[in-house]
Amino acid sequence: MRNRGPVGVVTRGTTGINRLRRSDRWAMHDPHITRALTHATDPLVVDLGYGAMPVTTLELAARLRRVRSDLRVVGLEIDPDRVVPGRDGVEFARGGFELAGLRPTLVRAFNVLRQYPEEAVEPAWARLRSGLAPGGLLIDGTCDELGRRCAWVLLDEHGPRSLTLAWSPFHVERPSDVAERLPKALIHRNVPGEPIHALLRAADRAWATSAPHAAFGPRIRWKATLELLQDQGFPVSPPRRRLRDCVLTVPWDAVAPTGAPVASERVGRGTALGALVAV
């Protein structure tokens with residue numbers, strides 16, 4: 001039976017100014033996202049679960065309007081006390097995984113699925129993807145409190161397309177330090193035998209090998225690291241522009257989990273999981 005109200009559970013609501021800047025900067029230049037926004041007849045972006053204050057939704061709108069000035073942006077929160085009046089051309093409403101009945105071109109859901117068990121990820125992805133406009137995309141991501149370590153999955157109507165890791169060149173010692181902020185679909189998979197573990201270990205080795213480039217700064221060192229990974233056969237996407245951040249993007253197939261879900265926390269999410277499945 002179709003759920004008539006918002007689907008999901010209330011998040012902690014943690015947020016902060018510029019917390020999602022790395023994902024925003026990436027989204028402004030990702031060819032799949034820019035193509036979807038520029039080709040859409042009525043480009044709508046939904047920021048799902050923006051938290052206790054809407055600052056990151058307003059920032060997302062300002063940045064993506066450099067791609068398409070006429071796009072609409074709606075922030076959705078399942079907690080009615082967090083819904084605020086619209087401003088700066090951005091609307092705010094109550095909603096969850098059902099997307100309040102909207103059909104967006106792009107959905108961003110950052111730090112939303114982190115509180116769910118791993119087995120809830122696929123139903124949540126399916127629910128969100130079913131609400132996308134034709135050709136629409138979904139970003140499911142996680143970051144730390146200051147936005148210095150981030151990771152996200154890009155999905156389309158068929159499923160996940162890629163994984164991106166992004167971090168501050170000046171506040172992260174090695175690539176694998178970002179592992180603690182992997183999306184829920186992967187955070188329990190950073191163990192031997194899993195592709196994400198192999199990728200992070202290889203990135204650490206390539207980073208160490210590129211140490212002589214450190215004299216020219218961490219960004220130059222990271223560029224050399226990416227070249228080493230490519231030479232070793234890892235399908236990393238080369239940067240198309242000069243980047244402020246260290247960014248590692250690979251096709252989802254290169255990191256997709258193997259086997260059954262790893263046992264993870266279960267904290268009374270059964271009702272929410274059931275609601276997600278009942279699309």
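I looked up Asp156 and found it buried, with a relative accessible area of 13%, where buried means under 20% relative accessible area, exposed over 50% and partly exposed in between, with a 1.4 Å probe and protein chains only. Its side chain meets that of Arg161 in a salt bridge, at 3.2 Å from N to O, the term standing for a side-chain nitrogen of Lys or Arg within 4 Å of a carboxyl oxygen of Asp or Glu. Arg161 is partly exposed, at 34%.

I noted that this is a predicted model, in which local features need pLDDT of at least 70 and side-chain atom pairs count only at pLDDT 80 or more, while totals for chains, interfaces and linings use all residues. Residues are numbered from 1 along each chain as its sequence is written, and side-chain values use heavy atoms, with hydrogens and water left out.

How many salt bridges does the structure hold? I found 18. In one of them Arg181 pairs with Glu145, their closest N and O atoms being 3.4 Å apart. Arg181 lies in the loop between strand 7 (159-167) and helix 5 (184-187), and Glu145 in the loop between strand 5 (137-143) and strand 6 (149-156), so the pair ties together parts that are 36 residues apart in sequence. For these elements I took DSSP runs numbered from the N terminus, helices being H or I of at least four residues and strands E of at least two. Arg181 counts as buried at 12% relative accessibility, whereas Glu145, at 41%, is partly exposed.

I turned next to the largest nonpolar core, which has 48 residues; such a core is a set of buried Ala, Val, Leu, Ile, Met, Phe, Trp, Tyr and Cys residues joined through side-chain atoms within 4.5 Å. Helix 6 (residues 195-209) gives the most to this core, with seven residues. Leu165 is among the residues with the most contacts inside the core, and beyond its neighbours within four places in sequence, Leu165 is in contact (heavy atoms within 4.5 Å) with residues including Cys150, Val178, Leu200 and Leu248.

Last, I looked at where helix 1 (residues 21-29) meets helix 2 (residues 31-39), and noted that the contact is made by Trp26, Ala27, Met28 and His29 of helix 1 and by Pro31, Ile33 and Thr34 of helix 2.
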